[in-house]
Amino acid sequence: MIAEQHGVDALDLRILAALSAQPDAPIKQLAAALGIPASTCAFRLRSLRSRGVIQGLRLQLDPAALGCPVQAVIRVRLGNHSKTGVEALFDALETTEGVLQVFHIAGADDFLVHVAVADAAALRDIVLERITVHEVVRATETQLVFERRDGAGIAAPR
């Protein structure tokens, strides 16, 4: 198994699956659900964090509840791929209000930008004022998101 090659064993995977299912569960509760001592669970979690397997915790917000009900994925194609131009665009996108995720990808498109905004005008503004103003950008294509669901993830219980 690939995970074992990276120092993640079966118990670590069980802990990660339990934590993924209930990220706010106290260690004692996780340990009890897994049938292991709380000290073992705490030690393993510290180890997973220190090795970079767990890379932090994120608060997941509902964009619609915060006045941003329109979500879209903007496909960005570059006209040239200079390192400084690509990095400048990437940096600008990740700090743009309304941008949820930015993916630098291979294929016909170079970036995918997932955004949540208040309305169509705000979506247009991100495209025209934050993306196409970069000299490296050749074209964009915007796709509205009707619904989004999280996948099972890589540490899902089997």
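**Chat notes: surface patch, ring pair and salt bridges**

Modeller: In this predicted model, Leu 59, Leu 61 and Leu 66 make a nonpolar surface patch of about 370 Å².

Colleague: Where is Leu 66 found?

Modeller: Leu 66 sits in the loop between α4 (38–50) and β1 (70–78).

Colleague: And is Leu 66 buried or exposed?

Modeller: Leu 66 counts as exposed because its relative accessibility is 59%, and the cut-off for exposed is over 50%.

Colleague: Switching to rings. How many aromatic pairs does the structure hold?

Modeller: One. Phe 90 and Phe 111 pair edge-to-face, at 5.3 Å centre to centre with 70 degrees between the planes. Phe 90 is in helix α5 (residues 83–94) and Phe 111 is in strand β3 (residues 111–117), so the pair links distant parts of the chain, 21 residues apart.

Colleague: What about His 114, what does its side chain make a polar contact with?

Modeller: The side chain of Gln 71, at 2.6 Å. His 114 is also in strand β3, and it is buried at 9% relative accessible area. Not counting residues up to four places away in sequence, His 114 touches several others, including Val 73, Leu 100 and Arg 148.

Colleague: Now charges. How many salt bridges does a search of the whole structure find?

Modeller: Eleven. One of them joins Asp 12 and Arg 51, with the closest N and O atoms 3.6 Å apart. Asp 12 is in helix α2 (residues 10–21) and Arg 51 is in the loop between α4 and β1, 39 residues apart.

Colleague: Is Asp 12 buried or exposed?

Modeller: Asp 12 is buried, at 2% relative accessibility, whereas Arg 51 is partly exposed at 37%. Both belong to a network of salt bridges that also links Asp 9 and Arg 44.

Colleague: Which residue does Arg 75 meet in a salt bridge?

Modeller: Asp 109, at 2.6 Å, N to O. Arg 75 lies in strand β1 and Asp 109 in the loop between β2 (99–104) and β3, so the bridge ties together parts 34 residues apart in sequence. Asp 109 is buried at 8%, and Arg 75 is partly exposed at 21%.

Colleague: And Arg 149 with Glu 147, are they buried or exposed?

Modeller: Both are exposed. Their side chains meet in a salt bridge of 3.1 Å, N to O.

Definitions and conventions. Residues are numbered from 1 along each chain as its sequence is written. This is a predicted model: local features need pLDDT of at least 70, side-chain atom pairs count only at pLDDT 80 or more; totals for chains, interfaces and linings use all residues. Side-chain values use heavy atoms; hydrogens and water are left out. Patches are made of residues with over 30% relative accessible area and no salt bridge: like charges are joined within 9 Å, nonpolar side chains (Val, Leu, Ile, Met, Phe, Trp, Tyr) within 5 Å. Accessible areas come from the Shrake-Rupley method with a 1.4 Å probe; for residues, only the protein chains shown count as cover. A salt bridge is a side-chain nitrogen of Lys or Arg within 4 Å of a carboxyl oxygen of Asp or Glu. Helices (H or I, at least four residues) and strands (E, at least two) are DSSP runs, numbered from the N terminus. Buried means under 20% relative accessible area, exposed over 50%, partly exposed in between (1.4 Å probe, protein chains only). Rings of Phe, Tyr and Trp (its six-membered ring) pair if their centres lie within 6.5 Å; planes under 30 degrees apart count as stacked, over 60 as edge-to-face and the rest as tilted. A polar contact is a pair of N or O atoms within 3.5 Å; within protein, one must be able to donate a hydrogen and the other to accept it, and residues adjacent in sequence count only if both atoms are side-chain atoms. Contact means heavy atoms within 4.5 Å.
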